[in-house]
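Subject: Structure handover and notes

Dear colleague,

I am passing on the structure below, followed by my notes on what was found in it. Please read the notes with the model open beside them.

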Amino acid sequence: KIQNYYLLNNDEDDELRYKLMLTQSDKDTLKRLVEGHDFPSTASQRIVENFQFYEKQIQESKINLETLYDL
């Protein structure tokens, strides 16, 4: 649901498919993350660090993901 509501436009193609677009240097890392792929070898350190930070916060909070989504 999060991908459909906030990250992807399933009815669009190419660049219009992504609802959030960052700078050129961050774009490939973000696209791969949203699509569920491994980070590229030249991943944006900012994107990786932010993703890992929030992933850790969610795991440590032990919050139910449905509750988090509702928030």
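Which residues lie nearest the centre of the largest pocket, and by how many residues is this pocket lined? The lining consists of 19 residues, and those nearest the centre are I2, L7, L33, F51 and Y54.

Before going further, please note that this is a predicted model, in which local features need pLDDT of at least 70 and side-chain atom pairs count only at pLDDT 80 or more, while totals for chains, interfaces and linings use all residues. Residues are numbered from 1 along each chain as its sequence is written, and side-chain values use heavy atoms, with hydrogens and water left out.

The overall picture

The protein has 4 helices and 0 strands, and its pattern along the sequence reads α-α-α-α; helices (H or I, at least four residues) and strands (E, at least two) are DSSP runs, numbered from the N terminus. Taken along the principal axes, the box filled by the C-alpha atoms is roughly 35 × 30 × 20 Å. Of the 71 residues, 15% are buried, where buried means under 20% relative accessible area, exposed means over 50%, and partly exposed lies in between (1.4 Å probe, protein chains only). The accessible surface comes to about 5900 Å², with 48% of it belonging to carbon and sulfur atoms; these areas come from the Shrake-Rupley method with a 1.4 Å probe, and for residues only the protein chains shown count as cover.

Among contacts with a separation of 6 or more, 14% are made by residues 24 or more positions apart, a contact being heavy atoms within 4.5 Å.

The pocket

The largest pocket holds about 810 Å³ of space. A pocket is defined on a 1 Å grid over the protein atoms alone, as an open set of points where a 1.4 Å probe fits, with protein on both sides within 12 Å along at least five of seven lines, and lining residues have an atom within 4 Å of a point. Grid points are joined across faces, edges and corners, and the volume is the space filled by probe spheres set on the points. At least two lining residues come from each of α1 (2–7), α2 (24–34), α3 (45–61) and α4 (65–70), with the largest share, 7 residues, supplied by α3.

One of the residues nearest the pocket centre, L7, lies in helix α1 and is partly exposed, with a relative accessible area of 24%. Leaving aside neighbours within four places in sequence, L7 is in contact with I2, R17, Y18, K19, L20 and V34. L7 and L65, which are 58 residues apart in sequence, are 17 Å apart in space, C-alpha to C-alpha.

The buried residues of α2 are D26, K27, T29, L30 and V34, and they pack against α1 and α3. D26 counts as buried because its relative accessibility is 7%; not counting residues up to four places away in sequence, D26 touches S44, R46 and I47. After α2 comes G36, whose phi is positive, near 80 degrees.

A positive phi also occurs in K62, a residue other than glycine, where the value is near 55 degrees. K62 is found in the loop between α3 and α4 and is exposed, with a relative accessible area of 73%.

With best regards
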